[in-house]
Amino acid sequence: MKILSTVGLTEVQRRQIEGAAPGAQIVDRRCRSQAEMVEAAEGGCDVLFGFRVPDDLVRRAPDLKWVQLLSAGADHIMKGELAARDAIAVTNSSGIHSTPIAEYTIGSMLAWSHGLHLTLRAQMRREWKRNSQFMDTVDSMRGKTLGVIGYGSIGRETARIAQALGMTILALKRNPDERRDTGWNPPGVGDPEGRIPARWYGPSDCTEILRESDYVTVTLPMTPHTRQFIGRSEIAAMRPNAYLVNIGRGEVIDQAALIEALREGRIGGAGLDVFEREPLEPESPLWDIETVILSPHMSGAFKDYNGACCEVFAANLARFTKGQPLLNQVDRALGY
């Protein structure tokens, strides 16, 4: 078996892979362009460990059986040559982002609820805001309701932390009757059995869960089914003081409708890490809306990211060598 890695493995990571597949040939090259990836695949491979999968790479690896992605999202590769090759299994690294992105989400919610975004802006202006200016806006998250739109590994860890803060959790899932999480997860993280939510909702119940939530976190992947999943009518259903955090994909929310609601004060605020177009254009009004906290699509970044991905890969590689079902398999029909 030949394994092609395009990430540049450390010695520890290489030994981890060797331990999962003794005797496998490992070709490792840190590739920074599609041309380098194609060149690295010149001799073909059975397994690919990387982020991008150019069409030329797939063509040059006719024996390719499985692709392990470094990302949780698969929308960037589920097209072209790979999408058409049903025999090639595709798995993602879902589960590695659950802790950093859940912490980012809770951090954004805490910053907004305690007015930290306003104090940071005042700091830049060397302006001392009086305590009385926060008395009518700062409010504890305890006792509030969090609606989780997309109850996957990230949503479940967000729910676990939010519950510890005294929040009630509502969960929306594509199939709310399937409450267990069967994907890869670090021990002690998330809500694998689906026991935390007070109520469950399906996709057709989006307006209802938004209407009942003080805080909303959107963790949906980008697929044809989720594009503008939260549109103008859904935003109109939100509570006037609600705060929305989007760490999924920008396209799952109608950004124009969201901007309009924020400008008019029809919702409390938004924490946005993803946008319809990235980088966010300098002329976007989102930069200047005081109730918005922005970040440059970095909520999933953390030290030793590749090491965490390698842990998932090694676990799957051990399964692959034994002919067992792989974890985190991407459903081509669903797009994630």
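Trp 66 counts as buried, at 0% relative accessibility; buried means under 20% relative accessible area, exposed over 50% and partly exposed in between, with a 1.4 Å probe and protein chains only. The model is predicted, so local features need pLDDT of at least 70 and side-chain atom pairs count only at pLDDT 80 or more, while totals for chains, interfaces and linings use all residues. Residues are numbered from 1 along each chain as its sequence is written, and side-chain values use heavy atoms, with hydrogens and water left out.

**Exercise 1. Aromatic pairs**

Find how many aromatic pairs there are, and classify the pair of Trp 66 and Phe 320.

Solution. 
1. Rings of Phe, Tyr and Trp (its six-membered ring) pair if their centres lie within 6.5 Å; planes under 30 degrees apart count as stacked, over 60 as edge-to-face and the rest as tilted.
2. By this rule there are eight aromatic pairs.
3. For Trp 66 and Phe 320, the centres are 5.0 Å apart and the planes make 35°, a tilted pair.
4. Trp 66 belongs to strand S4 (residues 66–69) and Phe 320 to helix H11 (residues 305–321), 254 residues apart. Helices (H or I, at least four residues) and strands (E, at least two) are DSSP runs, numbered from the N terminus.
5. Phe 320 is partly exposed, at 22% relative accessibility.
6. One aromatic cluster takes in Phe 49, Trp 66, Phe 313 and Phe 320.

**Exercise 2. A second pair**

State which parts of the chain are tied together by Trp 112 and Tyr 243.

Solution. 
1. Trp 112 lies in helix H5 and Tyr 243 in strand S10 (residues 243–246), so the pair joins parts 131 residues apart in sequence.
2. Trp 112 is buried at 16% relative accessible area, and Tyr 243 is buried at 0%.

**Exercise 3. Asn 92**

Where is Asn 92 found, and what does its side chain reach?

Solution. 
1. Asn 92 sits in the loop between strand S5 (89–91) and helix H5 (98–113).
2. Its relative accessible area is 7%, so Asn 92 is buried.
3. The side chain of Asn 92 comes to 3.1 Å from the backbone nitrogen of Ser 94.
4. Apart from neighbours within four places in sequence, Asn 92 has contacts (heavy atoms within 4.5 Å) with residues including Gln 68, Ser 71, Val 312 and Asn 328.

**Exercise 4. Helix H10**

Which residues of helix H10 (residues 255–263) are buried, and what covers them?

Solution. 
1. Gln 255, Ala 257, Leu 258, Ile 259, Ala 261 and Leu 262 are buried in H10.
2. Their cover includes helix H9 (232–236), strand S11 (269–272) and strand S12 (292–294).
3. At the N-terminal end, Asp 254 caps H10, with a side-chain oxygen 3.3 Å from the backbone nitrogen of Ala 256.

**Exercise 5. Cysteines**

How many disulfides does the whole structure hold?

Solution. 
1. A disulfide is a pair of cysteine sulfur atoms within 2.5 Å.
2. The search of the whole structure finds zero disulfides.
3. For Cys 31, the nearest cysteine sulfur is that of Cys 45, 11 Å away, and Cys 31 is in no disulfide.
4. Cys 31 is buried, with a relative accessible area of 10%.
5. Cys 206 is also buried, at 3% relative accessibility.

Conventions:
Polar contact = N/O pair within 3.5 Å; in protein donor to acceptor, adjacent residues only side chain to side chain.
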